[in-house]
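Hi there,

Here is the structure I promised to pass on. My notes follow below it.

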Amino acid sequence: MTDKNKPSGTEKDTAAPASSKDTATNASDKATSSSSHTDTKVSDKTQAGDKPSVAPSSSAKETQPAKPSKPTASAPLKEKKGGRGLAVLAIVLVIALGAGLYYHGHQQSMQYNAGIATLSSQVSELKTALEDSDKQAQAAVQKATQDTQVLIDQQGKTIASLQSALADVKGRRPNDWLLAEANYLVNQAGRQLWLQHDVLTATTLMENADQRIAELNDPSLTPLRQAMAKDIQQLKAIKRIDRDGIVLRLNSLQQEVDKLPLANAIIPEGEAVVPETVSDNVDDWQQNLKASLSDFVSQFITYRKRDGDVVPLLTPAQTFYLQENLKAKLDQAITAVYRQNGRLYAESLKAAEEWAERFYNQDAKITESFVSTLKALSQQTIAVSYPEALESQQLISDLLADRLRRDLAPLSTGESSQ
C-alpha cells in the first residue's frame, strides 16, 4: 500500500499528505452522514414494520470507497465515532425531551381533570346545601305561619269572649224598657207608612222613638240616633197629598151631576146673507128681476146654509145613563186616589171633563164651575214614592235582641233542665 501511494516528485510529496487528510475528512463526513441516514432509515423502517437488517448493508456499501485510506485514518475514525455519539446523544435528548413534555402535559391534564372534578363536587355540594337551606326556610316559614294563625285564632276567640262579656254587662241596664218602647214605635211607623200611607203619623211616631232613645243618654246608641234622624228627614221630604180633601171634592162633584143642565140641539152658525140691490142701469134688467123675485120670496120662505155637526137632544134614558157614567168615572178617580194610581186618576177625570163639555150647557154657571173643578183636580199629583225600608228599624231590632233577649236564654235552659 505504501508503494502504490508513493509520489514521484516533490510536489507529489507535499500534496500527498494533504489529499490523504482531505480524503479522511471527507470519508468521516460521509460516514457521519451515512450513519445518520442509516439511523433515520432504520427508525423509519422499524416504525413501518420492515426488517432492520438492510441498514448495515447500505452503510457498508457507502463506506467501501474509504477502504484505501484505512491505514492512514485513525484520527478520522475517532471523529466519526464522536459524531455518532453526538447524534445518538441528540436523538436521546430529543426523545427524552419529548417524553418529558408528554409526561408534563399528561400530568397537567390529570391535574386539570382533578381540579374540574373537585369543582364539580363542590358545586353539587353547594346545590345540595342550597336546596336543604331552601327546604328548611320553607319549613320555618310554614311553621311560623301556622303559629301566627293559631295565635290569631286564639286572639279572635278572646276578643269574642270579651265582647260577649261586655254585651252582658251592657245588657243589664234599668232603662232598657225605653229601648223596647222605641222599637215598638219604629215598627208602628213602618206600618203606618206602607199599609196606610200615612206619612204624617209615621213621622210623629219616629220623632217619639227618637225622644225615647235620647232619654237613655247612652253614647253607644249614637249610630242608631243617626239612622233615625236620616229616616225622619226622608219622611219629611215626602210630598204631602191631601187625599181626603181630593176625595171630598170629587164627592161634591158627584152630587152636582144631577143638577147640571143639558145642552139643547146645537146648530152651527149660518152663513151671512147679503141682500141684493136693484141697480139703475137698464142693461142689468135680468139681475134686477132676479133680485126683485128673491126679495119677494124671502117674505114667505127663508133658508140659510149651515156647515158643521148638529148635536141632537138626548132622551130621558140617555140622560140617565150619561149621569150614571159620569158618576162612575168620578168613583174611579176616588179609588185611584186611595190606591195612588196616577194614570187611572188622570184618565177618569179627562173622560168626565169631555162628557161635561159635550152634553151639558156651557153657558150655565154650575156647568162652568163643574168643568173648572175637574180641570183643577186633574192637575193634582197623587202618586208618591215612599222609602223601601227604614234604616233604623233593623238596627234597633238587633240592638234590642242583644240587650234583652240574651238574658232570657239562661232562664229557659234552666227550666228545661228541671
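At what angle do H4 and H12 pack, and how far apart are their axes? The angle is about 150° and the axes lie 10 Å apart, with axes being lines fitted to C-alpha atoms over the stretch in contact and angles running from 0 to 180 degrees between N-to-C directions. H4 and H12 are therefore roughly antiparallel to each other (over 145 degrees). Leu179, Ala182 and Val186 are among the residues of H4 that make the contact, and Ile396, Leu399 and Leu400 are among those of H12; contact means heavy atoms within 4.5 Å.

A word on the basis: this is a predicted model, where local features need pLDDT of at least 70, side-chain atom pairs count only at pLDDT 80 or more, and totals for chains, interfaces and linings use all residues. Residues are numbered from 1 along each chain as its sequence is written, and side-chain values use heavy atoms, leaving out hydrogens and water.

Overall, the protein has 13 helices and zero strands (DSSP runs of H or I, at least four residues, and of E, at least two). Of its 418 residues, 22% are buried, meaning under 20% relative accessible area with a 1.4 Å probe, protein chains only.

The largest nonpolar core holds 50 residues; such a core is a set of buried Ala, Val, Leu, Ile, Met, Phe, Trp, Tyr and Cys residues joined through side-chain atoms within 4.5 Å. Ile213 is one of the members that touch the most others. Beyond its neighbours within four places in sequence, Ile213 is in contact with residues including Leu179, Ala182 and Ile396.

Best wishes

Terms used: Angles under 35 degrees count as roughly parallel, over 145 as roughly antiparallel, 65 to 115 as roughly perpendicular and the rest as oblique.
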